[in-house]
Amino acid sequence: MTQRVGVEVSIAVADAVRMANPDVVAAYPITPQTHIVEHLAELVANGEMDAEYIPVESEHSAMSACLGAAAAGARTFTATASQGLALMNEVLYVASGMRLPIVMVVANRALSAPLSIWCDHSDLMSVRDTGWVQIIVENGQQAVDNTLCAFRIAEDRRVLLPVIVHLDGFNLTHVIEPIVFPEQADIDKFLPVSSYPLPLNPDKPVAMGSFAPPFIFTEAKWAQEVALKNSKGVVLECWSDFSKISGRGYSPVEKYKSDGAKVLLTTMGSIGETASVAIDRMRAAGKDVGLLKLRLWRPFPFDELRVAVKDADVLIVLDRDLSFGGPGGVLASEVKAALYSLERKPKVVGFVGGLGGRDITMDGFEDIVNKGMEIARKGSQHEYEIYGVRE
Amino acid sequence: MENYAVYVPRLVKKKEKFAPGHRACIGCGEALAIRLAFKALGNNVIVANATGCAEIFTSQLPYTSWQLPWIHTLFENTAAVASGIEAAYKAMGRKGKAVPPDTKVVAIAGDGGTSDIGLQALSGALERGHNFLYICFDNEAYQNTGNQRSSATPFGAATTTSPLGKKSIGQFSWKKNMPEIAAAHNIPYVATASPGYPFDLMDKVAKGVATPGPAYIHVYSPCPTGWRCPTDIVVKLSRLVVETGVFPLYEVENGRYKMSMELPQLRPVKDYLKLQGRFRHLSDDTIKMIQERVELDYRKLLEKAKDGSKRSKRKSSPGTAKVSA
């Protein structure tokens with residue numbers, strides 16, 4: 001087993017990309033993604049990574065160049081955040097609709113206005129319906145592991161869909177964490193050289209991106225939906241194979257002391273770490289609480305979630321995003337929808353917090369759990385509570 | 001000249017990778033220009049196509065007019081897509097992945113996809129120096145969506161969003177000079193071409209695609225549907241537009257301007273304008289203003305080409321010789 005090293009998570013992610021041996025990286029700088037693409041540029045400049053680095057003039061072109069590269073059969077990577085992700089939005093739909101196995105790391109950050117460079121999940125939610133496989137990590141090691149897994153999932157012939165690895169901006173991208181890198185030889189076996197089934201090639205011409213009249217459009221979209229739903233099996237298989245070389249396993253809904261707990265908290269991203277410690281403290285104080293951490297956002301892990309909450313009476317969902325004028329946090333409303341058809345289900349209480357980089361401390365999590373239990377008992381006039389807001 | 005359209009098809013090679021049966025309008029100048037361009041491009045080509053007329057009329061699932069690898073993604077990103085393809089071939093070739101050597105990447109787009117919504121992506125790709133050819137087929141408005149004005153619509157032309165009205169004479173601005181914008185990127189090859197001069201067009205396309213680095217060709221592409229003109233005068237317009245100086249044919253090779261043909265005297269712009277419904281409303285005063293502007297721009301261009309023209313006279317390029325026949 002290799003050594004555990006202290007390294008900035010952005011640098012570690014870029015090194016994971018290097019280990020995946022991509023052919024093309026196209027990227028445009030945006031805080032807090034910059035350290036990732038800077039390090040990739042450096043690796044190419046030093047000859048440590050044999051790839052074409054295209055320093056494009058916008059995120060729209062970054063993703064567009066990725067479309068072209070992936071369609072030509074290249075292993076392709078980009079990274080972005082926030083406004084950059086918003087700018088590439090229309091291209092994301094094309095990437096999944098054309099079944100191009102592009103891998104992207106998103107350093108999650110709030111969307112303007114007002115301008116904020118700090119973390120929340122409003123950018124993440126803005127690409128919810130783009131048809132990409134989406135994995136959400138909570139620490140540097142998970143970011144490294146899942147960046148490597150992302151290439152394998154995307155390129156699997158049963159999937160052929162683009163994959164996003166979401167990691168929280170600053171809270172993860174800019175911190176130094178202990179990372180264990182897998183052995184390159186193991187990764188070479190885990191992730192063989194890519195071969196896209198029908199690339200753009202004059203020896204065997206294909207037409208890609210033809211326009212679809214109504215008689216075929218629905219079928220095309222259904223095929224895409226089936227592929228995304230079925231990708232869960234491949235994700236699970238990939239994580240299982242990865243655990244064999246790394247000893248680290250992942251699951252779509254990660255459980256932390258949740259079995260049998262009557263009150264569950266659900267989080268996404270880096271706040272899961274603090275929440276875990278808060279759960280420890282609450283349990284030490286005799287509270288029957290546990291934690292669920294969503295690792296796989298798309299395809300949504302309906303089955304795993306339903307099983308994970310089967311014993312709970314109260315499910316408190318914390319979102320770092322807000323669907324304006326709607327039901328509050330997007331995760332909470334999706335969780336509610338996923339549980340609606342169950343006979344026995346926990347009462348779901350939604351909280352929105354941690355917007356634009358505002359920290360939620362251990363006390364904060366305890367506060368949220370207490371308030372959530374109170375709302376579950378008494379009921380609330382609101383669809384959701386916004387945590388810690390000054391009115 | 002009137003018979004040109006009849007005998008030219010017999011002179012150019014038959015084989016092309018752009019199949020018949022597509023759904024372009026009758027008399028489509030863009031389809032004609034694309035045919036000519038792809039006669040010159042050969043087999044070892046990947047095509048990136050912007051959203052627009054050509055993309056729509058050549059591709060409806062499950063059909064395609066393209067016997068070449070072809071990709072359409074979006075409206076404004078074609079140059080970026082081409083960048084990605086070019087970079088992929090470069091990297092994969094270097095790393096020993098099986099790709100045909102010397103594959104050329106050709107991006108095609110309309111005037112809207114080039115000089116409006118796609119200008120940023122194009123500028124980026126030209127500046128970065130990707131080895132590709134970008135051809136703009138300019139039908140001077142958003143014809144695919146039904147003739148809305150673009151920045152390439154000529155002054156005075158009535159379109160659905162620059163309509164004729166009590167307070168409007170049509171397009172209120174002068175046509176954006178896209179070839180000059182391309183040339184300002186200091187790329188190795190820029191040219192203008194017209195399907196009225198097919199050999200010149202094919203020569204330029206062949207030259208552009210063979211040029212290492214980025215090449216840009218701006219092709220005049222008459223649209224009878226949008227321009228409200230008879231469908232059988234497309235070739236005539238394609239020559240008149242050059243003879244009047246409205247759309248001069250020239251090349252910019254490594255910064256040197258070269259006129260593609262000598263015009264001792266420009267024909268009056270009225271000869272060109274009067275044939276098209278989009279200009280029918282223009283008063284003599286407005287036409288005079290257009291005439292002056294065309295002459296001014298033409299003189300400026302000749303000035304730039306002074307050095308180059310002398311050189312080209314001595315060399316007498318075969319393309320030019322055939323055109324003046």
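1. A crossing counts as left-handed if the near helix is turned anticlockwise from the far one by less than a right angle, and as right-handed if clockwise. By that rule, H2(B) and H8(B) cross in the right-handed sense. Helices (H or I, at least four residues) and strands (E, at least two) are DSSP runs, numbered from the N terminus.

2. This is a predicted model: local features need pLDDT of at least 70, side-chain atom pairs count only at pLDDT 80 or more, and totals for chains, interfaces and linings use all residues. Residues are numbered from 1 along each chain as its sequence is written, while chains are lettered from A and ligands numbered from 1 in the order in which they are written.

3. Back to the helix pair. The axes of H2 (residues 29-41) and H8 (residues 198-210) of chain B come within 8 Å and cross at roughly 50°. Axes are lines fitted to C-alpha atoms, for helices over the stretch in contact, with angles from 0 to 180 degrees between N-to-C directions. H2(B) is therefore oblique to H8(B) (under 35 degrees is roughly parallel, over 145 roughly antiparallel, 65 to 115 roughly perpendicular, the rest oblique).

4. Chain A has an open sheet of 6 strands, ordered S10-S12-S11-S14-S15-S16, with mixed pairing. Strands pair if DSSP finds at least two bridges between them. S10 (253-256) and S16 (385-386) of chain A are the edges. S11 (residues 263-267) and S12 (residues 289-294) of chain A run parallel, joined by 5 bridges. A:Val263 sits opposite A:Val289 of S12(A).
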